[in-house]
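Please look through the structure shown here, and then read the report below, which moves from the whole chain to single residues.

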Amino acid sequence: MGKGEKMERSKIIVVITCLALAALLLGPSQVMAKVSGPCSDCHTMHNSQNGSAVVSGGPYRALTKGDCIGCHTGTNDGSNNIPYVLQTSAPTYNFDGTKATLAGGSFYWVYDSGGNDDTKGHNVVGIASSDSNIGNTPPGFNSTDYTANGSVGTAWSSNQLSCAGTYGCHGTHTSTDDFAAISGAHHADDSTIDGSTVGKSFRFLYGIKGTEDSDWEYTNSSTDHNGYYASDYNNGPGSMDSASINYLCAECHGNFHLHAQIDDATNGSPWLRHPTDYDMNNVSSKEYGNYPNPTLYSNVSATGDYFVDVPVGNTTGAVNSKVLQASGDAIVLCISCHRAHGSPYEDLLRWAYSSNDSGACNAGTQSGTCGCFACHTSK
Amino acid sequence: MRKKHHISLNSIAKKIAVITLFISCAFSYSWAKVTGPCSNCHTMHNSQNGNSVATDSNGNPSSTPHSYLLTSTCVGCHSNGTGNITIVNNTPIVLTASEPTYPSDGSPASALAAGNFYWVLHATANNPDPDTSGHNCLAIPGINQDTHLSTAPGKPDSANGPNCAGCHDRIDSCTSCHTPAHHADDTQNPLVGASGGWYRFLNSSYHGNANTGVKGIEDPDWEQTVSATDHNEYNGCNNIYGNDDNSISNDCAGCHFKFHGVTYTDTDGSVIADNHSPWFLHPTHLPLPNDTNKEYYYYNNPGGSGPGDYNPLAPVARDPAVLASMTGSSKLITPGSDQVMCLSCHRAHASPYPDMLRWNYPYDCLAGASNTNCGCFICHTTKGD
């Protein structure tokens with residue numbers, strides 16, 4: 001039985017087990033990722049209880065009752081104390097509307113047993129098979145310029161994207177084992193997010209700074225959201241900041257961030273590729289100064305309102321309710337347009353963009369279903 | 001004719017025997033080697049004045065003689081049928097009629113190091129399911145086969161032969177774990193080994209050898225009184241593979257083999273290497289890391305600058321080379337040398353808590369909530385923060 005099949009068989013039991021943990025872990029006012037509650041909720045010493053295994057498919061490293069996917073699969077309903085990034089049925093998702101997904105979106109739409117669409121999420125091993133369109137190698141992969149937080153692996157021909165580790169996003173890149181990569185993070189004191197350890201990094205993304213929303217943006221508004229740390233690197237360009245959320249993406253998609261790859265000889269517009277780590281305050285006299293185009297969307301009301309569904313970053317990682325107020329507070333992010341885990345739309349986009357998705361973005365027709373117009377307010 | 005006084009030798013002998021017994025108790029308290037009148041424990045013919053001398057495990061007269069001409073069974077001698085005093089006539093009591101004190105507070109009713117089978121017989125507020133409190137030794141009247149287990153958890157695959165069930169699927173008798181050696185001389189060396197009948201007589205009665213017998217330093221009162229400086233000293237492992245090495249954990253592994261060592265046999269038969277953190281199973285054979293960056297370095301001293309004192313609630317085993325040179329119990333903890341063992345978390349006979357744990361794990365061990373009642377936090381010193 002292949003690893004994927006084995007994961008599938010054990011997933012239901014693991015999910016049920018982890019769902020039972022949710023109500024017991026943390027409390028409704030939990031503002032840190034540091035876990036609390038009975039140790040026995042998450043751990044089993046010998047994977048044996050009353051003569052039977054505690055968790056089918058186990059044991060799992062760190063004596064846990066499930067792997068990453070097993071514990072982080074479930075339904076987000078506002079009462080859960082574990083963030084769920086995968087659902088077994090399609091979660092509610094409405095751009096600029098109600099959602100049952102968290103800030104990173106959901107793997108449901110790429111999940112082999114769910115949406116099963118390789119274009120709609122990261123193909124993480126154990127969730128989805130290798131991407132049928134692009135294989136394992138991340139588009140824009142740059143193995144040399146993005147190593148400050150540890151080097152991502154280069155043997156993509158024999159390694160698929162994982163939750164954490166050498167070929168993953170979370171944790172360090174020093175181990176291929178998910179558990180080793182995030183070892184200690186769940187119990188770490190993350191009251192200060194400074195990127196110094198995995199536990200003290202934004203969402204366990206080693207080296208990345210930011211402010212973590214307490215319920216992972218299950219509830220969200222202009223005043224209730226993550227604070228993304230970013231830099232104005234591509235203005236000039238300046239110096240890369242390895243603590244930027246964009247840097248994290250660039251560890252795999254570096255050529256979509258590296259200034260030499262996204263800009264021509266004239267710094268700034270016209271761009272060769274869509275900029276990230278670029279402050280819209282640099283071009284606030286242009287259409288971008290009207291962000292978020294408030295007449296178009298429901299969840300914003302005035303120019304400068306932070307728009308959760310088209311987020312921007314800042315140079316402190318603060319949670320700002322208003323942007324374009326000062327230099328460095330309206331920085332374009334990779335995740336201004338994309339969901340990190342998955343979305344209902346092609347290319348993991350936050351909204352329907354391509355003609356393959358209904359309600360696509362059409363130049364000359366301003367539509368509240370298209371997030372491009374939040375920044376490109378005159379298009 | 002003057003009437004002869006018929007001296008009752010029997011009555012005089014009895015008085016002398018009692019006095020001798022008390023004397024022997026006063027001077028032989030520190031050792032397992034028995035002393036005192038042979039007749040205290042033995043009967044040649046199980047017959048005296050027309051009556052049986054031997055008693056059964058309930059203390060009732062038994063017309064059936066016992067092996068080794070004993071007057072009682074293991075349970076009969078090592079139980080207190082009337083109260084909760086845990087040392088009676090210099091004999092460690094492992095089964096009391098009423099609940100002993102736990103953890104030990106030094107009182108005569110304190111549970112001894114291995115706990116007390118009382119909890120396997122009685123549901124309590126701490127554990128409504130007595131079967132999970134301890135080993136279901138069927139030699140103890142009232143104890144039946146564990147309702148949850150038909151075999152020892154983690155049983156070695158080799159223990160499926162026709163003669164294995166009595167120890168590996170159930171616990172037929174005390175000799176499933178112990179090989180009694182009451183006359184062995186354990187006075188010659190603080191470290192009790194083969195010549196002393198092994199630490200607490202722990203060696204397989206059926207296939208024990210020179211490497212399976214357990215070594216250790218025996219606390220004189222079986223930890224009825226216990227502290228950082230007054231306790232057993234357990235022998236740790238000399239290999240990471242679970243090979244026989246006279247360690248206490250290896251003894252447990254005789255039945256719970258799959259919970260010991262650096263490999264784990266998965267349910268599909270595949271062997272998984274479990275030789276580094278993050279572990280698949282809780283280690284039972286490794287030293288506390290000698291690394292100031294790891295929480296285990298600060299054993300029993302969370303937030304401190306170094307390890308704290310030995311804590312009997314979560315004891316450690318000693319490196320065999322270190323133990324061999326020890327003359328008694330020590331409060332010192334040495335990261336890199338002192339080892340986690342099965343008994344760091346469990347009581348060998350029974351405890352008041354599920355899974356024979358030394359503390360109330362489901363209720364007292366909450367991540368992020370420091371609690372001195374939770375033994376986990378003695379080693380996992382940051383998890384209570």
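Predicted model: local features only at pLDDT ≥ 70, side-chain atom pairs only at ≥ 80, totals over all residues.

Residues are numbered from 1 along each chain as its sequence is written, while chains are lettered from A and ligands numbered from 1 in the order in which they are written.

**Chain B as a whole**

The secondary structure of chain B comes to 8 helices and 11 strands, where helices (H or I, at least four residues) and strands (E, at least two) are DSSP runs, numbered from the N terminus. Along the principal axes, the C-alpha atoms of chain B fill a box of roughly 95 × 45 × 40 Å.

Of the 385 residues of chain B, 41% count as buried. A residue is buried if 20 or more other C-beta atoms lie within 10 Å of its own, exposed if 12 or fewer, and partly exposed in between, with C-beta atoms placed from the backbone.

Chain B also holds an open sheet of 4 strands in the order S5-S6-S7-S10, with mixed pairing, where two strands pair if DSSP finds at least two bridges between them. The edge strands are S5 (191-192) and S10 (317-318) of chain B, each of which pairs on one side only. S5(B) runs antiparallel to S6 (residues 216-217) of chain B and is joined to S6(B) by 2 bridges, and B:Leu191 has B:Ile217 as its bridge partner in S6(B).

**Where the chains meet**

The contact takes 23 residues from chain A and 26 residues from chain B, and two residues are in contact if their C-beta atoms, placed from the backbone, lie within 7 Å. On the side of chain A that touches chain B, strand S1 (37-38) and helix H3 (178-181) of chain A each supply at least two residues. Strand S1(A) pairs in the antiparallel sense with strand S11 (residues 366-367) of chain B over 2 bridges, and the partner of A:Pro38 in S11(B) is B:Leu366.

**The cores and helix H4 of chain A**

In soluble globular proteins, nonpolar side chains tend to be buried together. A nonpolar core is a set of buried Ala, Val, Leu, Ile, Met, Phe, Trp, Tyr and Cys residues joined through C-beta atoms within 7 Å. The largest nonpolar core has 91 residues, and among those with the most contacts inside it are A:Leu86, A:Ile245 and A:Tyr291. The largest share of this core, 6 residues, comes from H4(A). A second, separate core of 71 residues includes B:Phe117, B:Trp198, B:Trp222 and B:Leu288.

Helix H4(A) is largely enclosed by the rest of the structure, because 9 of its 9 residues are buried. These buried residues include A:Ile245, A:Tyr247, A:Glu251 and A:His253, and what covers the buried residues of H4(A) includes strand S3 (168-170), S4 and S5 of chain A.

**Backbone details**

Most residues other than glycine have a negative phi, and most peptide bonds are trans.

| Cis peptide bond | Omega |
|---|---|
| A:Gly58 to A:Pro59 | about 5° |
| A:Gly236 to A:Pro237 | near 0° |

A:Pro59 has its place in the loop between S1 and H2 of chain A, and A:Pro237 in the loop between S5 and H4 of chain A.

Two residues are described here for a positive phi. A:Arg203, a residue other than glycine, has a phi near 55° and is found in the loop between H3 and S4 of chain A; A:Arg203 counts as buried, with 22 C-beta neighbours inside 10 Å. B:Glu223 is not a glycine either, and its positive phi is about 65°. B:Glu223 lies in the loop between S6 and strand S7 (233-235) of chain B, and with 25 C-beta neighbours inside 10 Å B:Glu223 counts as buried.
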